[in-house]
Amino acid sequence: MNGTRAENSVISTRGLGRRFGGRVAVSDVTLALEEGDCLALFGPNGAGKTTLLRMLAGVLRPTSGTGMVSGIELPGGAELRAAVGYISHASMLYAALTARENIELTARLFGVRDPRAAARRALERMEIVDRAETPVRQLSRGMQQRVSIARATVHDPRVVLLDEPFTGLDDSGSAALGAHLAALRAAGTTMVLVTHQIAEGLALATHAAIMREGSLVRLEAGETIDPATYIAIYREHVTYGA
Amino acid sequence: MAPSTLSAALLIARKDLAIEFRTRTAFFSAAVFALLGIVIFFFAWDPTAVSSIDLAPGVLWGIFTFSGLLGLQRSFGLEQADRAIDALLGAPISRESIYLGKAIANLVFVAAVQIIAIPAVQLFYGVPLLEHAAVIALIALMSAIGLVAVGTLFSAMAVNTKLAEMLLPVLSLPFFVPIVIPAAQATARLLAGRPASESVGWLKLLLAFDIVFVVACMLAFPYTIEE
């Protein structure tokens, strides 16, 4: 997670920032992630986590600093967006369409060859083939989240950005989601995971970071971090501003 | 390879129309609104004071703008639910294709409402609209293009505000005036049996506004969705 790794990085930023008018949402974020890395990003509401993800996804233009995602300089364009899968706590699905139609639409928009077959493979990966023709509005929150992940990964992105994907899931849903994300990471996908659930986040992470008031206030390799210790560290940073 | 602007626009339009076909909420609302408007104007009308040929064009194109707003309101509203717009913005397609796709779907929606409203105006006001079906269809198409060009842009702008339902008409209606005036004037001349050459000038004006609105709105659209 330093400058020397940036050359091999799938994601790298240097002093990345974003202002909305006079308000600084993200300030001076520098990080580097290689293939298969997963950064768990923690922080209170309004810390700038979502804004950072949206910049990395190529949907929001940085106002300062530089960054590269999958070899393309931010804010990138269509080429950068094609390399990224973006999953948020909102399903980003159309309730009136079926699970298959939602995924197939995304596959077509990403120019995937044989979108129908790709949608079926994505549904199989998420073990929801039997619900393929069910309108999304009739699916449970957990099922919708699986469809959402299938939608976001139908084009086999090199980078997956996740914004509080565990929100609203029950324990079994969270466990299933965690397993699917671990499989993605094992397949070499680079991930940035924004979550309030420290244990789930650290279980997946190769790196962990805490964000507060737009800045990264702590950043480290995370595979060896004990969740209980990290929760204490997190509280210290967020509550007392250490 | 990501789809071209037109291909992506057609995918988005087809998706919007599929959703509307399944839910039918906006279409029925707009169609019922149009019919009720025509009926209310009919009962408020004093045929001894104003002839039907003078009144009908104003009623037709006035109702057309207001009922069209119902569809335009829905256009980006359905993207806001569950933040589906983020999935579109994250796709490797041009911003213009999102605008164009939405506009095509809105055009079909508005045209479908017109298919109901035009015969209804003929039925209530006894004006020979369907006898001039080809020209009326041309006027309807040209007005619909101008209306959806402006309305789609303002729908995208208004949807992120707390006052979206109020803001869309307030923003859009002033821009609908240059569309309604030539449409109503051309229709009035047609119904009055005037020579077609008298309507050509109004149709040229309508075409000019269509071109300006489509080009300007498509260029402005990417900035409206930029945060």
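These legends walk through a few close-ups of a predicted model.

Figure 1. Chain A comes out with a mean pLDDT of 88, and 95% of its residues reach 70 or more. Helix α3(A), residues 99–109, has the highest confidence in the chain, at 97. At the other end sits helix α8(A), residues 227–240, where the mean is lowest, at 79.

**Figure 2. Where chains A and B touch.** Chain A brings 25 residues to this contact and chain B brings 22. On the chain B side, α1 (5–23) and α4 (84–89) each supply at least two residues.

**Figure 3. The largest nonpolar core.** This core has 157 residues. Among those with the most contacts inside it are Leu39(A), Leu161(A) and Val121(B). Helix α6(B), residues 133–158, gives the most to the core, with 15 residues. Zoom in on Val121(B), leaving aside residues up to four places away in sequence, and you'll find it touching Ile38(B), Ala56(B), Val59(B), Leu60(B), Val127(B) and Leu129(B).

**Figure 4. Strand β6(A) and its partner.** Five of the five residues of β6(A), 84–88, are buried, so this strand is largely enclosed by the rest of the structure. Both of its faces are covered: Val84(A), Tyr86(A) and Ser88(A) lie on one side, with Gly85(A) and Ile87(A) on the other. β6(A) runs parallel to β7(A), residues 159–163, and five bridges join the two. Look for Gly85(A) standing opposite Val160(A) of β7(A).

Technical notes. Residues are numbered from 1 along each chain as its sequence is written. Chains are lettered from A and ligands numbered from 1 in the order in which they are written. This is a predicted model: local features need pLDDT of at least 70, side-chain atom pairs count only at pLDDT 80 or more; totals for chains, interfaces and linings use all residues. Two residues are in contact if their C-beta atoms, placed from the backbone, lie within 7 Å. Helices (H or I, at least four residues) and strands (E, at least two) are DSSP runs, numbered from the N terminus. pLDDT is the predictor's confidence in each residue, from 0 to 100. A nonpolar core is a set of buried Ala, Val, Leu, Ile, Met, Phe, Trp, Tyr and Cys residues joined through C-beta atoms within 7 Å. A residue is buried if 20 or more other C-beta atoms lie within 10 Å of its own, exposed if 12 or fewer, and partly exposed in between; C-beta atoms are placed from the backbone. Two strands pair if DSSP finds at least two bridges between them.
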